[in-house]
Amino acid sequence: MTGPGDIRAATGAPTEAVLGRDGLDALVQVLKRRGRTVVGPTVRDRAVVLAELDSADELPHGWGVELEAGRYRVRRRTDGAVFAHSAGPQSWKSFLHPPRVRQWTAERDADGGLTVCEDEPPAVSYAFLGVRACDLHAIRILDRVMIGGKYPDPAYGSRRKGVFLVAAECTEPGATCFCVSMGTGPAVDTGYDLALTEVVDDGGPRFLCRSGSEEGAAVLAELPRHQADDTTRTAAAEAVRRAAGNMGRSMPPTDLRALMRDNLEADRWDDVTARCLNCGNCTMVCPTCFCTTTEDVSDLTGDHAERWRRWDSCYDLDFTLLHGGPVRAGKRSRYRQWLTHKIGTWHDQFGSTGCVGCGRCIVWCPTGIDLTEEAHALHQEATRQGPTP
Amino acid sequence: MTTSAGRPGGSRPRLGVFKFASCDGCQLTLLDCEDELLGIAGELEIAHFPEASSDVAPGPYDLALVEGSVSTPEHLARVRRIRAESRHLVTIGACATAGGVQALRNYADVTDYLATVYARPDYIETLATSTPIADHVPVDFELRGCPIDRGQLLEVITAFLAGRKPGIPNHSVCFSCKQRGNVCVLVAHGTPCLGPVTHAGCGALCPTFGRGCYGCFGPAGTTNLGALVPVLRRDGMNDGDIGRFLHTFNVTDFTAVEEEDLP
């Protein structure tokens, strides 16, 4: 990857500027003109959801959120901030790895033969606007899972390939956020085309904008902008630094992978099982949970069949249904599977943790199960009973 | 319209649709398959379907769709006869799979109900309980819902014709909400919702329109009602409200789950 300085040297395009409201408006229009389907945050059904945007007017100007375990509320802000809300009900996974995708169709010919037609990967070119640092990491983790191995998934690859990423550094984390613990935020490091840091002070809402790719610099060059000034730079850095100190949650200061590996029979698993609905919400809101199942459908005549892939969840009994019954028949084994995979065996499988600290699973769990609380409890139980793992 | 390949001579499997104690809504779901009705009639001989036609033919039937619960002494004999005449028997709807809303009598004295509802209770012959078909005869597949979902009924018929297992997931309504991109009404609005413990199948109809799930499809394949009750209380329901919330169309199924999950 080329650094910002190299980009300027190569193209003469700006690598840093300050955007106002007009710059944000223009950003959406420029991305659309470049053929991108722009997806970003907007308020719908009393939540900040991700949806296709026609203009920057649809962004959540002046909306914030209050988060707790099992509870989400939008609230009005007086400062007009656009990106002062944290993770919502969906993640970018919904666009890169949609809930239901057709894989192929089959037709029976007049002579009884079968013609199978594989579905072409979609010709979509997304721009994601307002991607948090935690979610940039989540996309990287999904990339490893979906296209980084021996059998890359062409549908994911096709959706992912052209994505233009506009990151938004986090300046107001939620009460359920713990990206600092997971080392994923709140500042963005790499992997973006443009990065925005919102500054709301007496100077009015504005955005420090940095380019992280050649296309990012080219887009920035098309926007109405001001030269970056030290006041804005300092305010932006201070806002992100403050956010790092305002995390609502944390993970225990221990090797989580070992904690999971060495405490499979801890009493705490029974405690959390009593509170777990087995509804599967945590897996579906998680920005990295990727598991799917296949559904074969046919029509009444049996002459036309389709194979679909849809999200599945390790909380569903049928997920591990084999001859003779499900592998994880007990509720306890299903919650344990999810958490030990997410922050433990994910390392063995994909070389990193599967958790980015976005807190979605905490917020959208109807009973408010908090994986950081569970990890702390497991850590305490292990510490009480023997050498610290 | 051609019949399926592999079925020589054009002989079509024979369909029978039967009704016990019910409101007929689930049978009507079959007639609601307007675009597919000709296709169904092309693949199946509709031999017995009094709701649609008075031209009924005797058994045996290859596929029987049975609606309604066993609620009268006459039903006891009839359900056995239908089973004996049917190769593949599928129960459709909450009455047939769980006894329906009329199973509320199972937890009360039916003679009190008779005296309240009928001017001449002595004319009424009824059982003390309303029970699912599967309590009386072996059932090959149970399709849930009050009423059943049109798409799921088509899937059951299509799967029967293809000789495969129907693709009817046993997971919670939450799966459907998340697939549709719905904002969770329980978490974001504080609306009491049975979705996390309810069997999917309706496509999350109520939450899609901002209402909590009423549990029309009965309990999901795996539930933990004990974990949901405190959430319902938090969102303003008292124990009486929660009891009434659970004891509707699938009262027997949710009661069974209560006995397991709420020690």
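Predicted model: local features only at pLDDT ≥ 70, side-chain atom pairs only at ≥ 80, totals over all residues.
Helices (H or I, at least four residues) and strands (E, at least two) are here DSSP runs, numbered from the N terminus.

1. Domains of chain A. The domain assignment divides chain A into domain 1 (4–100 + 108–244) and domain 2 (256–385). Between the centres of these two domains of chain A, taken over C-alpha atoms, there are 27 Å. Domain 1 of chain A brings 30 residues to the contact, and domain 2 of chain A brings 27 residues. On the side of domain 1 of chain A that touches domain 2 of chain A, β6 (100–108), α4 and α6 (179–182) each supply at least two residues. Of that side, α4(A) gives the most, with nine residues. Its composition by class is 17 nonpolar, eight polar and five charged residues.

2. The helix pair α4 and α5 of chain A. Two packed helices are described by the angle between their axes and the distance between the axes. For helix α4 (residues 133–147) of chain A and helix α5 (residues 154–161) of chain A, the axes come within 9 Å and cross at roughly 145°. The crossing in which α4(A) passes α5(A) is left-handed. From α4(A), the residues Asp143(A), Met146(A) and Ile147(A) meet Tyr156(A), Gly157(A) and Arg160(A) of α5(A). By class, the residues of this contact of α4(A) with α5(A) are three nonpolar, one polar and two charged.

3. The largest nonpolar core. This core holds 178 residues, of which Phe128(A), Val166(A) and Ala167(A) touch the most other members. Helix α4(A) gives the most to the core, with eight residues. Leaving aside residues up to four places away in sequence, Ala167(A) touches Val131(A), Ala133(A), Leu136(A), Val188(A), Tyr192(A), Ala195(A) and Leu196(A).

4. Domains of chain B. In chain B the assignment gives domain 1 (8–162) and domain 2 (173–261). The centres of the two domains of chain B, taken over C-alpha atoms, are separated by 26 Å. Contact is made between 14 residues of domain 1 of chain B and 14 residues of domain 2 of chain B. On the side of domain 1 of chain B that touches domain 2 of chain B, helix α4 (residues 94–98) of chain B provides the largest share, three residues. That side of domain 1 of chain B has six nonpolar, six polar and two charged residues.

5. The contact between the chains. Here 36 residues of chain B are in contact with 39 residues of chain A. At least two residues of the side of chain B that touches chain A come from each of α2 (37–43), α6 (150–162), α7 (173–180), α8 (185–189) and α10 (225–234) of chain B. By class, this side of chain B has 17 nonpolar, 16 polar and three charged residues.

6. Ile40(B). This residue sits in helix α2 of chain B. Not counting residues up to four places away in sequence, Ile40(B) touches Leu300(A), Cys33(B) and Ile157(B). Ile40(B) counts as partly exposed because it has 18 C-beta neighbours inside 10 Å, while the cut-off for a buried residue is 20 or more.

7. Cis peptide bonds in chain B. Gly59(B) and Pro60(B) are joined by a cis peptide bond with omega of about 5°. Pro60(B) belongs to the loop between β2 (45–48) and β3 (61–67) of chain B. The peptide bond from Cys146(B) to Pro147(B) is also cis, and its omega is near 0°. Pro147(B) lies in the loop between β5 (141–143) and α6 of chain B.

8. Positive phi at non-glycine residues. Asp45(A) is not a glycine, yet has a positive phi of about 50°. Asp45(A) is placed in the loop between β2 (37–44) and β3 (47–52) of chain A. With 17 other C-beta atoms within 10 Å, Asp45(A) is partly exposed. In chain B, Asp24(B) has a positive phi of about 80° and is likewise not a glycine. The loop that holds Asp24(B) runs between β1 (14–19) and α1 (25–31) of chain B. Asp24(B) counts as partly exposed because 14 C-beta neighbours lie inside 10 Å.

Conventions:
Residues numbered from 1 in each chain as written. Chains lettered and ligands numbered in written order. Domains from an automatic or database assignment. Contact = placed C-beta atoms within 7 Å. Nonpolar A, V, L, I, M, F, W, Y, C, P; charged D, E, K, R; others polar. Axes fitted to C-alpha atoms, helices over the stretch in contact; angles between N-to-C directions. Left-handed = near helix turned anticlockwise from the far one by under 90°. Buried ≥ 20, exposed ≤ 12 C-beta atoms within 10 Å, placed from the backbone. Core = buried A, V, L, I, M, F, W, Y, C linked by C-beta atoms within 7 Å.
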